[in-house]
Amino acid sequence: MKRIILSLILVSLIAVFAVNSSQAYLSDTETSNSNSTTAGSLNLNLVSGYLSVTDPITSSGLTPGGTVSRFVAFQNSGTIAISRVGATSVFLSGFSYLYNKLGLRIYDAPSYVRGALLLDTNLKDLSNYTIWTTLAPLGATPGIRDVEVYLPSDVDGSYQNLTTTWQFNFLGQQ
């Protein structure tokens, strides 16, 4: 009986080997050439003629309760929308205690007309505040805010003739 089982196993293996050896495997390959991907871009710009690198907020002789303001207009010349513009102020030089005392108000400014008050804080506390949301790409209508810096009316005479220099940093994000 063993011999019969061994013979059947041997015949089965030979049959499997013979069938697999005699089959033809055909194949074909196609190639898709020149595929590419380009990432979009964000390019936040300050519109010239308003608060910008070449046209900053400046004031001399600011009195207690006095203000100085500038419109700031943002535009996106990139290819994808900016979903958020953050604003931060940074002390650069001069008298830090004057910088720490200055106030900041940000207003909505549709069509360059002062609108609703959005923020009233100390200039030093401006830290990644969302100043604008959703700027369309490719130079669409700018986002406009009115930025006002003020010297509080409760300052004393120790602030006379002091100067401080700071910068605004604006960060566009997708």
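Mentor: What follows starts with the open sheet, moves to its salt bridges, and ends with the other strand pairs and the pocket.

Keep in mind that the model is predicted. The open sheet has 5 strands, in the order 1-2-7-4-5, and the pairing is antiparallel. At its edges are strand 1 (44-46) and strand 5 (117-122), each of which pairs on one side only. On average, neighbouring strands of this sheet are turned by 25° against each other, direction ignored.

Take one pair from that order. Strand 2, residues 67-76, is joined to strand 7, residues 143-150, by 8 bridges in the antiparallel sense. To find your place in this pair, look for Phe71, which stands opposite Asp146 in strand 7.

Asp146 is also a member of a network of salt bridges, together with Arg105, Arg114, Asp120 and Glu148. One link to look at is the salt bridge between the side chains of Asp120 and Arg105, at 3.4 Å from N to O. Asp120 belongs to strand 5 and Arg105 to strand 4 (residues 103-108), so this pair ties together parts that are 15 residues apart in sequence. Asp120 has a relative accessible area of 43% and is therefore partly exposed. Arg105, with a relative accessible area of 21%, is partly exposed as well.

Another of them joins the side chains of Asp154 and Lys101, at 3.8 Å from N to O. Asp154 lies in the loop between strand 7 and strand 8, while Lys101 lies in helix 2 (residues 96-101), so the parts tied together by this pair are 53 residues apart in sequence. Asp154 counts as exposed because its relative accessibility is 57%. Lys101 counts as partly exposed because its relative accessibility is 26%.

A further salt bridge is formed by the side chains of Lys124 and Asp125, at 3.2 Å from N to O. Lys124 is partly exposed, with a relative accessible area of 37%. Asp125 is partly exposed too, with a relative accessible area of 41%.

Now turn to strand 3, residues 84-94. Strand 3 pairs with strand 8 in the antiparallel sense over 10 bridges, and Ala87 stands opposite Phe170 in strand 8. Strand 3 is also joined by 3 bridges to strand 6 (residues 129-132), and these two run antiparallel. Here the residue to look for is Gly86, which stands opposite Thr130 in strand 6.

Rolling a probe the size of a water molecule over the atoms shows where empty space is left. In the largest pocket that space is about 770 Å³. Its lining is made up of 32 residues, and those nearest the centre are Ile57, Thr58, Ser59, Thr164 and Trp166. Strand 8, residues 164-173, gives the largest share of the lining, with 7 residues. Sorted by class, the lining has 18 nonpolar, 13 polar and 1 charged residues.

Terms used. Residues are numbered from 1 along each chain as its sequence is written. This is a predicted model: local features need pLDDT of at least 70, side-chain atom pairs count only at pLDDT 80 or more; totals for chains, interfaces and linings use all residues. Side-chain values use heavy atoms; hydrogens and water are left out. On a 1 Å grid over the protein atoms alone, a cavity is a set of points where a 1.4 Å probe fits but cannot get out, and a pocket is an open set with protein on both sides within 12 Å along at least five of seven lines; lining residues have an atom within 4 Å of a point. Grid points are joined across faces, edges and corners, and a volume is the space filled by probe spheres set on the points. Helices (H or I, at least four residues) and strands (E, at least two) are DSSP runs, numbered from the N terminus. Ala, Val, Leu, Ile, Met, Phe, Trp, Tyr, Cys and Pro count as nonpolar, Asp, Glu, Lys and Arg as charged, and the others, Gly among them, as polar. Two strands pair if DSSP finds at least two bridges between them. Axes are lines fitted to C-alpha atoms, for helices over the stretch in contact, and angles run from 0 to 180 degrees between N-to-C directions. A salt bridge is a side-chain nitrogen of Lys or Arg within 4 Å of a carboxyl oxygen of Asp or Glu. Buried means under 20% relative accessible area, exposed over 50%, partly exposed in between (1.4 Å probe, protein chains only).
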